[in-house]
Amino acid sequence: MIPSTFEYFAPAGLDEALALLSEHGDNAKILAGGHSLIPAMRLRLAQPGVLIDIKGLRSQLSYIKEEGGRIKLGAMTNYYTIETSDLLKQKAPILPEAASVIGDVQVRNWGTIGGSTVHADPSSDLPAVLLALDASVTLKSSKGERVVALSDFFVSILTTSIEPGEILTEISFPTPAGKKSSYKKLANKASHYSVVGAAAIIGVDGNGVCTSAAIGFSGLAAIPMRSAVVENALVGKKLDDATIEAACSGSATDVDALSDLHGSHEYRRAMADVFAKRAIKAALAS
Ligand SMILES: Cc1cc2nc3c(=O)[nH]c(=O)nc-3n(C[C@H](O)[C@H](O)[C@H](O)COP(=O)(O)OP(=O)(O)OC[C@H]3O[C@@H](n4cnc5c(N)ncnc54)[C@H](O)[C@@H]3O)c2cc1C
C-alpha cells in the first residue's frame, strides 16, 4: 500500500503545469482530487515518476458559467460545487442530482469533474450524464488546444483519447433549455459507485409527445454509452407507461455488458431496463 517513488511538482498556474507536462511526457501524471489516482498508486497499478499536482490551479480551473448558449465547467470543479450550484440547479439539474449520489461527502469535496472524465472508470456517474448532455472537452497542451466531443473521448476501460502533454481544462454542453431530466442508479452499497445507472434528458411538447431523448448509461459497458435503441423508441411518441415500458424492455440486449463481482452481464442488462425506466419516469415528473 505504499506508492513507488515519484517527483512532486505543485505548479501555480496552467502555463507552468503545461511546461512540466511537456518536459516529463509519458512519465508524468496530473493529480487533481486524487481520489482515483492515489488509490491506484498505493496499489502500484499506477507508477508515475512525476506527479503534477494542479490544486494550485483551482482559481483558474474551478468555475461554472453559462456563455453563448453553453454551460461551461472548469476541470477542477469538485462534485460539492456542482451539487450546490444554483446555475446548474436551474439550467441543468441532472448534474447536481447525479453529483449528490457520488460516494460520500469527502469524495464529493475532493473529486473533480475533470478527474472523473479523464479517469474514465465505467462505474463513474458524471461521464454518462455528460454524454447525455452532448458535452465536449477542451484539452490544452503547450502546443495549443483542441475540443473533442465526449462521444469520441472514451476509448476503452480507463482509457481516453487524451494525449501525453495535454490537460483537460473545461467541459461544456449546450444549455438543455426546457428539457426534463433525471439520473437514477443502482449503487454499490459500499462505495456508491454505479453498478448500472441511467441518465434521461427528455424534450416533450405541449401534447406530451417526446421531441428529443438522450439516454446515457453508466456501469453497463466498458465505456459510458448512449442508448440509440431507447432514444429512437421514445421520440415522436406520447410518453405513457406502456410506451416507456416497451422502449426500455431489452434495451441492452446487444450491449457487450460488463461482468464482475458486482453483477453478471445478464444482471447488468436487466438493470439497464429497470433504471432507464426509472430515470425516464422521474424526468417526466420533474
Ligand atoms: C471511496 C470512494 C468512493 C467513490 N464513489 C464514487 C461514486 O459513487 N461515483 C463516482 O462517479 N465516482 C466515485 N469515486 C471516484 C471519484 O469520483 C474520483 O474522485 C474521480 O473518479 C477522479 O477524480 P479526481 O479529481 O479525484 O482525479 P484524480 O484521482 O486526481 O485523477 C484521476 C485521473 O485523471 C487524471 N486527471 C485528473 N484531472 C485531470 C485533468 N484536468 N487533465 C488531465 N488529466 C487529469 C489523473 O492524472 C489520473 O489519471 C469514488 C472514489 C472513492 C475513493
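Ala, Val, Leu, Ile, Met, Phe, Trp, Tyr, Cys and Pro count here as nonpolar, Asp, Glu, Lys and Arg as charged, and the others, Gly among them, as polar. Keep that in mind for the ligand stop of this tour through a predicted model.

Together you have an open sheet in the order 1-3-2, with parallel pairing. From one strand to the next, the twist averages 25 degrees.

Show residues 14-24, helix 1, which lies across strands 1, 2 and 3 and runs at about 165 degrees to strand 3.

**Stop three: the ligand.** Select the ligand and the 30 residues around it; Ile 30, Leu 37, Tyr 79, Thr 112 and Asp 125 come nearest. How do these shell residues divide? There are 14 nonpolar, 13 polar and 3 charged.

- a polar backbone atom of Gly 34, at 2.7 Å
- a backbone N or O atom of Ser 36, at 2.9 Å
- an N or O atom in the side chain of Tyr 79, at 2.6 Å

The protein covers 91% of the 970 Å² of accessible area that the ligand has on its own.

**Last stop: helix 8.** Colour residues 113-119, helix 8. Which element gives the largest share of the shell around the ligand? Helix 8 does, with 4 residues.

Definitions and conventions:
Residues numbered from 1 in each chain as written. Predicted model: local features only at pLDDT ≥ 70, side-chain atom pairs only at ≥ 80, totals over all residues. Heavy atoms only, no water. Pairing = 2+ DSSP bridges. Helix = DSSP H or I, 4+ residues; strand = E, 2+ residues; numbered from the N terminus. Axes fitted to C-alpha atoms, helices over the stretch in contact; angles between N-to-C directions. Contact = heavy atoms within 4.5 Å. Near = heavy atom within 4 Å. Polar contact = N/O pair within 3.5 Å; in protein donor to acceptor, adjacent residues only side chain to side chain. Areas by Shrake-Rupley, 256 points an atom, 1.4 Å probe, with all protein chains shown as cover.
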